[in-house]
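Subject: Structure handover

Hello,

Here is the structure I said I would pass on. Please open it alongside this message, as my notes follow it.

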Amino acid sequence: MSDTTSPIISVAPITLAAPNRGQDLQVRVSAPTTGHDLPVVVLSHGMTLSMDDYAPLVDFWAARGFVVIQPTHLDSLGLAPDDPRTPLIWRIRTDDLTCVLDQLDAVEADVPGLAGRIDHDRIAVAGHSWGAQTASTLAGARVIDADGRPGESMADPRVGAAVLLCLPGTGGADLTPFAAEHFSFMSPDFAGMKTPSLIVAGDHDDSPLTVRGPDWFTDGYRLGPGATDLLTLFGAEHGLGGIQGYHDTRTTDESPERVAVIQRATLAYLRTALGLDDGAWPATRATLAATSDPLGRIDSK
């Protein structure tokens, strides 16, 4: 896979109309300054983060030909607990991603030099932690309701691939009492997650949300029909080495080498899953498998 790069432009905030949200949606757009027919990644952030985070991934993808669009979800804007939107915040997150896809033309128009350069037929979603759950709903995952039944499908046919980093696993008895009380929507049904998806997990990611261990973050791979591949990072905790930002103080397992593996692997997966380079992902799998002291492994089904 060629590692040709381009200078990038990053523009924020761009404001998109969201009349049923209570306030308009603000996004950051990062794109290469050259090239046409550019594929799109819509990236959903984790809790308390924003459109200004995940630069190690965003910069890497954009420099190699992707338009990366990052919304700031309501949960990062100090939403009061008694705000009527709070119980539906997980659902509004999904609507944020759909809003971006509905207004790609407006995004193009607002970024200098981007008009006419986006490939509207090659779109992926990505997310980390809660953002991974948000992205997974567009790939076909559903949220189990209080009656124990899967809720409505929010799968979006415009989405051709997903990259889901630290995707929360199944709910119910697998949640801690704290998670069950405060994050009851973290009860996914992966049976309908049929969009081609790469799951990325750390084998030291012990979460306070689950009574299980790090394998909780691999449920999407185990149970999602479209989750064809799982990248497990050895020694990685929830920050996966530092994907949230350069020198990010929230990272407990800082490792530039681990981040580099994630950068290369996610790019290769996106390029193959979106039909840009059929050999990129197989080559990455082969390279990692042949490494004498690898930082992770890839499982495929």
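Which residues of helix 7 meet which residues of helix 8? Before the reply, please note that this is a predicted model. On the side of helix 7 the residues are R264, A265, A268, Y269, R271 and T272, and they meet A280, W281, P282 and T284 in helix 8. Sorted by class, this contact of helix 7 with helix 8 has six nonpolar, two polar and two charged residues. The axes of helix 7 and helix 8, the latter made of residues 280-290, come within 7 Å and cross at roughly 145°.

Helix 7 itself

Helix 7 covers residues 256-273, which is 18 residues. From its first C-alpha to its last it reaches 25 Å, close to the 26 Å expected at 1.5 Å a residue. Its buried residues are R258, V259, A260, V261, I262, Q263, A265, T266, L267, A268, Y269 and L270. Just after helix 7 comes G275, with a positive phi of about 80°.

Helix 1 against helix 7

Helix 7 has a contact with helix 1 as well. Helix 1 consists of residues 55-63, and it packs with helix 7 at an angle of about 45°, the axes being 10 Å apart. The two helices, helix 1 and helix 7, are therefore oblique to each other. Helix 1 passes helix 7 in a right-handed crossing. From helix 1, the contact takes in P56, L57, F60 and W61; from helix 7, it takes in V259, I262, Q263, R264, T266, L267 and L270. The residues of this contact of helix 1 with helix 7 fall into eight nonpolar, two polar and one charged.

Helix 2 and helix 4

The next pair is helix 2, residues 89-102, and helix 4, residues 130-138; their axes come within 9 Å and cross at roughly 60°. Helix 2 and helix 4 are therefore oblique to each other, and their crossing is right-handed. I89, W90, R93, T94, L97, T98 and L101 of helix 2 make the contact with W130, G131, T134, A135, T137 and L138 of helix 4. The residues of that contact of helix 2 with helix 4 comprise seven nonpolar, five polar and one charged.

As for helix 2 on its own, its 14 residues should span 20 Å at 1.5 Å a residue, and its end C-alpha atoms are 20 Å apart, which agrees. Of those 14 residues, 11 are buried, so helix 2 is largely enclosed by the rest of the structure. The buried residues are I89, W90, R91, I92, R93, T94, D96, L97, C99, V100 and L101.

Backbone details

A cis peptide bond joins A12 and P13, with omega at about -5°. P13 lies in strand 1, residues 8-16.

Two residues other than glycine have a positive phi. One is D37, where phi is near 55°; D37 sits in the loop between strand 2 (25-32) and strand 3 (38-44). The other is C166, with a positive phi of about 55°; C166 is in the loop between strand 7 (161-165) and helix 5 (177-182). Are D37 and C166 buried or exposed? D37 counts as exposed, at 55% relative accessibility, whereas C166 is buried, with a relative accessible area of 0%.

Two strand residues

S30 is found in strand 2 and is buried, with a relative accessible area of 1%. Leaving aside neighbours within four places in sequence, S30 is in contact with I9, S10, V58, A62, F66, V67 and V68. The C-alpha atoms of S30 and D174 are separated by 37 Å, and these residues are 144 apart along the chain.

T232 belongs to strand 10, residues 227-233. T232 is buried too, at a relative accessible area of 7%. Not counting residues up to four places away in sequence, T232 touches A201, D203, L295, G296 and R297.

Regards

Technical notes: Residues are numbered from 1 along each chain as its sequence is written. This is a predicted model: local features need pLDDT of at least 70, side-chain atom pairs count only at pLDDT 80 or more; totals for chains, interfaces and linings use all residues. Side-chain values use heavy atoms; hydrogens and water are left out. Helices (H or I, at least four residues) and strands (E, at least two) are DSSP runs, numbered from the N terminus. Buried means under 20% relative accessible area, exposed over 50%, partly exposed in between (1.4 Å probe, protein chains only). Contact means heavy atoms within 4.5 Å. The expected span of a helix is 1.5 Å times one less than its number of residues. Axes are lines fitted to C-alpha atoms, for helices over the stretch in contact, and angles run from 0 to 180 degrees between N-to-C directions. Angles under 35 degrees count as roughly parallel, over 145 as roughly antiparallel, 65 to 115 as roughly perpendicular and the rest as oblique. A crossing is left-handed if the near helix is turned anticlockwise from the far one by less than a right angle, and right-handed if clockwise. Ala, Val, Leu, Ile, Met, Phe, Trp, Tyr, Cys and Pro count as nonpolar, Asp, Glu, Lys and Arg as charged, and the others, Gly among them, as polar.
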